[in-house]
Amino acid sequence: MSTATFRIWRGDSAGGQFVDYTTKVAEGMVVLDAVHAIQATQANDLACRWNCKAGRCGSCSAEINGRPRLMCMTRLDELPDESITVEPMKTFPLIRDLVTDVSWNYQAKKKIKKFKPRPPDAPDGTWRMAQADVDRVQEFRKCIECFLCQDVCHVLRDHNKLAEFVGPRLLVFAAALEMHPLDTEDRLPELKRSAGIGYCNITKCCTKVCPENIKITDNAIIPLKERVVDEFYDPLGWLWKLVRPKTGSGSELKVPSSGLSQSPKAAV
Amino acid sequence: MAEGGVAAALANVDDRDNWRVHFADTMRGGQYVNDWRMAELHAKEAPDRVRELEAWGAVFDRTPDGRILQRNFGGHRYPRLAHVGDRTGLEMIRTLQDHGIHQGIQVHMEHTIVTLLKDGERVSGAFGYDRERGRFKLFRAKAVVLATGGIGRAYKITSNSWEYTADGQSLAYNAGAELMDMEFVQFHPTGMIWPPSVMGILVTEGVRGEGGILLNKNGERFMFSSIPENYRAQTADNPEEGWRYTQGDKNAKRPPELLTRDHVSRCIMNEVKAGRGSPHGGVFLDIAWIKEKLPNAAEHIKKKLPSMYHQFMQLANLDITKEPMEVGPTTHYIMGGVRVNSETQMASVPGLFAAGEVAAGLHGSNRLGGNSLSDLLVFGKRAGEFAAKFAKEHNAGVIDQTQIEEAAGEALAPFDRTPGANGSSEGPYQVQYDLQEMMQNLVGIVRYQREMEQALKELAKFQERCRKVVVHGHREYNSGWHTALDLQHLLTVSEAITRAAIERKESRGGHFRDDYPNKDAAEGKFNIVVHRAGDGSMQIRREPIPEMPEYLKQIIEEMK
């Protein structure tokens with residue numbers, strides 16, 4: 001059994017420093033295993049948030065050799081042999097050691113209007129949806145809220161626009177609602193204003209760090225940006241909206257008795 | 001983590017399904033020591049709870065005609081599990097969170113409760129601390145609902161997450177509530193076993209639901225050679241029929257891989273013991289073989305089991321569309337817990353409610369896959385409603401300052417201890433590891449009287465060590481301190497499991513005794529109840545199972 005050295009950030013909001021720990025490593029170990037071993041034997045009070053150790057709960061986010069990653073899904077054998085640096089996410093306020101305060105994300109989430117389904121399709125109060133429509137939002141709904149995308153986003157991290165911009169995670173959340181086959185809410189005005197979608201300049205760093213491989217920029221943010229542009233900045237579209245005939249209420253999605261069609265909203 | 005789905009007799013895929021079949025399946029799976037009233041309520045109300053989630057925005061997989069799709073699972077007669085690929089639990093968490101943030105609910109994140117406060121017999125609040133700063137907090141409450149989950153961290157190999165530390169069961173026990181069925185611990189047959197760092201992580205039963213088969217090292221499909229009598233009529237006669245079942249053939253019977261979890265776990269143990277196991281001490285779970293049956297098998301597997309594909313690729317360098325997985329049993333769930341009223345979910349302590357895994361009753365001696373998510377939806381709603389009703393009908397209880405001071409003193413004691421005279425100052429982690437090892441070895445899948453008696457002696461020694469555990473540093477987000485406080489809960493529940501397991505002198509469901517390998521009809525007439533006596537000692541009592549009403553008996557008779 002060989003050993004490896006870990007440089008782990010120890011400290012709180014008042015300050016701190018990296019401390020080196022050497023521990024034994026075995027086949028298949030992930031960074032979180034090493035942190036646990038250090039915690040159990042050398043630094044009992046090392047603060048580290050974790051829960052499932054299977055890449056599902058999104059709790060153990062950290063920066064490993066400078067890259068935002070889940071500690072539980074980062075195998076030691078994919079890292080260089082030299083010392084491994086583990087530090088907390090930088091975008092969020094530090095609580096202690098590797099633990100940050102991510103509660104801002106839940107506050108920001110409240111800015112996005114909640115799910116508002118169309119009336120049920122069937123007399124028994126149920127809905128009909130095509131799997132093809134469902135597949136599209138399931139990509140967004142598999143987000144585990146690890147907030148690594150928020151951590152890497154330069155608008156939040158370097159420019160500190162937490163008040164003006166909700167960040168990639170919550171744009172994915174908004175996309176999941178906007179493209180939900182049953183949803184009838186209009187979130188475009190708030191995406192433009194309070195969510196600050198215009199701040200994103202499509203550097204795609206968020207997509208690179210997503211442990212669930214969600215194509216955040218291409219599949220969530222860009223389509224939302226396009227909708228916002230169509231709604232607010234397209235002069236021809238603006239003119240059309242002035243002269244187009246009224247189409248009645250928002251319940252445009254009726255299921256034909258012969259079968260299913262993809263919902264127009266989801267197919268944008 | 002919850003991957004397979006939520007069981008509800010929606011009858012979207014097979015219209016022969018209804019609450020009566022679900023009820024009978026749940027009772028058969030639990031070997032008839034279930035709380036039959038809870039099993040009835042659960043089967044009747046689960047479909048509405050699933051539809052409610054959809055109305056709140058959950059996006060389940062669909063049938064070709066656009067309704068909620070349902071999949072096969074162990075012990076369920078018809079395809080019954082509403083699901084989202086293999087991440088159904090995450091979908092539920094997200095739906096409830098997204099719905100909840102707009103309900104004006106105040107959430108105290110990362111808080112730990114150290115004791116429940118009482119005013120005479122009833123609950124009057126809860127006392128704990130926030131992990132971030134380590135500051136104590138008092139919650140005055142007319143009613144308290146426990147939803148703290150299970151006890152998996154009492155064992156070395158577990159699929160459970162960090163927070164499954166038995167705190168809910170232990171808080172309730174210490175507040176004077178009764179626990180029930182604590183001997184029934186479920187060992188899920190398929191946990192990862194290699195590499196060592198991932199040991200115990202769940203491999204969903206959905207793999208078998210989609211056609212995955214279990215093989216020993218000789219490539220034999222050993223499950224076909226041990227089908228229990230009471231399931232023979234429902235089990236496939238040959239592999240071909242089993243495959244057809246997984247692909248939705250309504251005339252086919254289920255493959256033996258989808259027998260109940262207790263049985264499959266023991267069959268795997270037997271193969272390993274007989275020297276027919278896989279290189280790392282488990283057996284093989286093969287889904288890749290379906291390429292013989294389906295033209296686009298690899299894509300199909302990635303679509304149906306995305307998390308499993310991802311999990312094995314990333315953690316074990318193994319492509320499940322090409323190679324079999326190595327799996328073995330992992331501690332997954334406790335059927336027992338706080339004894340509650342079937343309708344209201346109130347414990348024997350007035351004002352204290354429990355829902356989900358922390359409560360006992362629904363699952364009897366063995367839980368069917370998919371019944372946990374429906375359990376927590378059905379009884380979570382009931383517990384909430386009846387707790388609200390209780391709160392409306394009662395005045396606030398009196399908060400007793402001495403209870404608070406005592407709890408605060410105990411919680412801080414690990415900081416105040418000085419290292420022993422010989423310079424030894426044991427931290428909490430080693431004690432926890434040793435406890436997990438001991439429970440795994442002595443009160444695990446196969447149990448012996450002698451070993452369990454040994455476990456009780458060991459537990460007494462652990463109590464001693466626990467009382468001396470030293471914690472370093474300060475109170476802010478101190479993982480060592482949190483672990484030290486969890487230890488007491490783990491010890492309490494380990495003792496309850498052990499004492500109940502010694503008391504039940506038969507094998508039933510999750511409780512298997514080598515010295516009493518068969519079911520005993522006389523033992524099946526009781527639940528075992530654990531409570532705290534006035535002198536602080538743990539007492540065991542046998543509680544007769546109430547007579548089932550005629551209409552329910554008839555259902556079970558019909559579905560035999």
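Here Ala, Val, Leu, Ile, Met, Phe, Trp, Tyr, Cys and Pro count as nonpolar, Asp, Glu, Lys and Arg as charged, and the others, Gly among them, as polar. Keep in mind that this is a predicted model.

Q: By class, what does the lining of the second largest pocket have?
A: Let's start with the pocket itself, which has a volume of about 1200 Å³. Its lining is made up of 36 residues. Sorted by class, they come to 16 nonpolar, 13 polar and seven charged.

Q: Which of the residues that line the second largest pocket are the closest to its centre?
A: Several elements of chain B give two or more residues to this lining, including strand S4 (111–119) and helix H4 (167–174). Helices H12 (401–416), H14 (449–468) and H15 (479–503) of chain B do too. Closest to the centre are Val114(B), Asn174(B), Glu410(B), Gln488(B) and Arg532(B).

Q: How is H14(B) oriented to H15(B), roughly parallel or roughly antiparallel?
A: Two packed helices are described by the angle between their axes and the distance between the axes. For H14(B) and H15(B), the axes are 10 Å apart and the angle is about 160°. Angles over 145 degrees count as roughly antiparallel. That is why H14(B) and H15(B) come out as roughly antiparallel.

Q: What classes of residue make the contact of H14(B) with H15(B)?
A: H14(B) passes H15(B) in a left-handed crossing. Leu456(B), Leu459(B) and Phe462(B) are among the residues H14(B) brings to the contact, and Leu487(B), Leu491(B) and Ile502(B) are among those from H15(B). By class, the contact has 10 nonpolar, five polar and three charged residues.

Q: Are H1(B) and H2(B) roughly parallel or oblique to each other?
A: The axes of helix H1 (residues 19–29) and helix H2 (residues 36–55), both of chain B, come within 8 Å and cross at roughly 140°. The crossing is right-handed, and Trp19(B) of H1(B) and Trp36(B) of H2(B) are among the residues in the contact. Given that angle, H1(B) and H2(B) are therefore oblique.

Q: Which residue does a cis peptide bond join to Trp194(B)?
A: Most residues other than glycine have a negative phi, and most peptide bonds are trans. Here, though, omega is about -5°. The spot is in the loop between strand S9 (185–192) and helix H5 (206–209) of chain B. The residue joined to Trp194(B) is Pro195(B).

Q: What is the phi of Asn160(A)?
A: Asn160(A) sits in the loop between helix H5 (154–157) and helix H6 (167–178) of chain A. Although Asn160(A) is not a glycine, its phi is positive, at about 55°.

Technical notes. Residues are numbered from 1 along each chain as its sequence is written. Chains are lettered from A and ligands numbered from 1 in the order in which they are written. This is a predicted model: local features need pLDDT of at least 70, side-chain atom pairs count only at pLDDT 80 or more; totals for chains, interfaces and linings use all residues. Side-chain values use heavy atoms; hydrogens and water are left out. Axes are lines fitted to C-alpha atoms, for helices over the stretch in contact, and angles run from 0 to 180 degrees between N-to-C directions. Helices (H or I, at least four residues) and strands (E, at least two) are DSSP runs, numbered from the N terminus. Angles under 35 degrees count as roughly parallel, over 145 as roughly antiparallel, 65 to 115 as roughly perpendicular and the rest as oblique. A crossing is left-handed if the near helix is turned anticlockwise from the far one by less than a right angle, and right-handed if clockwise. Contact means heavy atoms within 4.5 Å. On a 1 Å grid over the protein atoms alone, a cavity is a set of points where a 1.4 Å probe fits but cannot get out, and a pocket is an open set with protein on both sides within 12 Å along at least five of seven lines; lining residues have an atom within 4 Å of a point. Grid points are joined across faces, edges and corners, and a volume is the space filled by probe spheres set on the points.
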